[in-house]
Amino acid sequence: ILPCIPEDIAFVDQLCRLGVPKELAASAVAVTDTRHHKYSVIAVDWHSSNPHGVARWFEARMRAFAQERLVKLVERRLYASVDDVPAYEWKTPLQRSIQILKRHRDVMFKDLPQWKPLSMVITTLAAQSYNGESGLYDALVNIVDRMPNYINIKVPRIPNPVNPAEDFADRWAKDPRFEQNFRLWQAQVKTYLMKIAPLIGKISDVTGTVREKFGLSLTADMQKELEISRPNAA
């Protein structure tokens, strides 16, 4: 458990001026850090965080592409309105894509875990890159292809969506190998996804490739989902 306190009004107003919606900025907190020189007193320069805001931002990204699913759940009278539908009821391929991408990263950097791309970097870039693709394969390919578009040339390279002054890629400036390994990982995922495309429909071939490169065992449902979304699928 990490103790924290709500950020002051001035900081919330500052976030709003940077373009963060007020309902997201309002959940920002100042977190304690035993390494901070003012750890023993409440100070304005404590590190700021906003996990609830990030979660709501991510949910908003999904919701923008889940209206059809939300409406169907309401029409079936399972919920009174779309606002009442919990997030787990209308998952999009975005969540599964992120799970697969993180798994590939873990397998690729199993011997050098200190250099692997951060989960928050992958999650943020994937959420920004997702454009409502309904198929898992299409979502993965397009997310990986678009990721570099959301990396800034100047600091902050990958801004926190609910605190634009915070850089999720701040380690890149300290050691260029962090960025180099991210770029290498992104390129390898892109290459492997292209290799998988012609194998979809050949269960033994695609299962072996996915197990080797992603460390995953495809279930029948996952194989079917890939089959439906494969290039040139009917």
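Biologist: How many helices and how many strands are there in the protein chain?

Modeller: This is a predicted model, and the count is taken along the protein chain as a whole. The chain holds eleven helices and five strands.

Biologist: What share of the residues of the protein chain count as buried?

Modeller: The protein chain exposes about 13,500 Å², of which carbon and sulfur atoms supply 54%. Among contacts between residues at least 6 apart in sequence, 57% join residues at least 24 apart. Of the 234 residues, the share that counts as buried is 42%.

Biologist: How many of the eleven residues of H6 are buried, and what do they pack against?

Modeller: H6 is mostly covered, with nine of its eleven residues buried, and among them are Val 121, Ile 122, Leu 125 and Ala 126. The buried residues of H6 pack against helix H3 (51-63), H5, H7, E4 and H9.

Biologist: Is Ala 126 buried or exposed, and which residues does it contact beyond its neighbours in sequence?

Modeller: Ala 126 is found in helix H6, residues 119-129, and its C-alpha is 9.4 Å from that of Asn 142, which is 16 residues away in sequence. Because its relative accessible area is 0%, Ala 126 counts as buried. Leaving aside neighbours within four places in sequence, the residues in contact with Ala 126 are Leu 94, Ile 98, Ile 143 and Met 147.

Biologist: Which side chain makes a polar contact with the side chain of Ser 48?

Modeller: Ser 48 has its place in strand E3, residues 47-49, and it counts as buried because its relative accessible area is 10%, which falls under the 20% cut-off. Not counting residues up to four places away in sequence, Ser 48 touches several residues, including Phe 11, Ala 28, Val 29, Asn 163 and Glu 166. The polar contact of its side chain, at 3.1 Å, is with the side chain of Glu 7.

Biologist: Is Arg 77 buried or exposed?

Modeller: Arg 77 is found in the loop between helix H4 (67-75) and helix H5 (93-108), and its phi is near 60°, a positive value in a residue other than glycine. Most residues other than glycine have a negative phi. Because its relative accessibility is 79%, Arg 77 counts as exposed.

Biologist: Which residues does the cis peptide bond join?

Modeller: Most peptide bonds are trans. The bond in question has an omega of about 0°, and its proline lies in the loop between helix H7 (136-146) and strand E4 (159-160). The residues joined by this cis peptide bond are Val 155 and Pro 156.

Notes:
Residues are numbered from 1 along each chain as its sequence is written. This is a predicted model: local features need pLDDT of at least 70, side-chain atom pairs count only at pLDDT 80 or more; totals for chains, interfaces and linings use all residues. Side-chain values use heavy atoms; hydrogens and water are left out. Helices (H or I, at least four residues) and strands (E, at least two) are DSSP runs, numbered from the N terminus. Buried means under 20% relative accessible area, exposed over 50%, partly exposed in between (1.4 Å probe, protein chains only). Contact means heavy atoms within 4.5 Å. A polar contact is a pair of N or O atoms within 3.5 Å; within protein, one must be able to donate a hydrogen and the other to accept it, and residues adjacent in sequence count only if both atoms are side-chain atoms. Accessible areas come from the Shrake-Rupley method with a 1.4 Å probe; for residues, only the protein chains shown count as cover.
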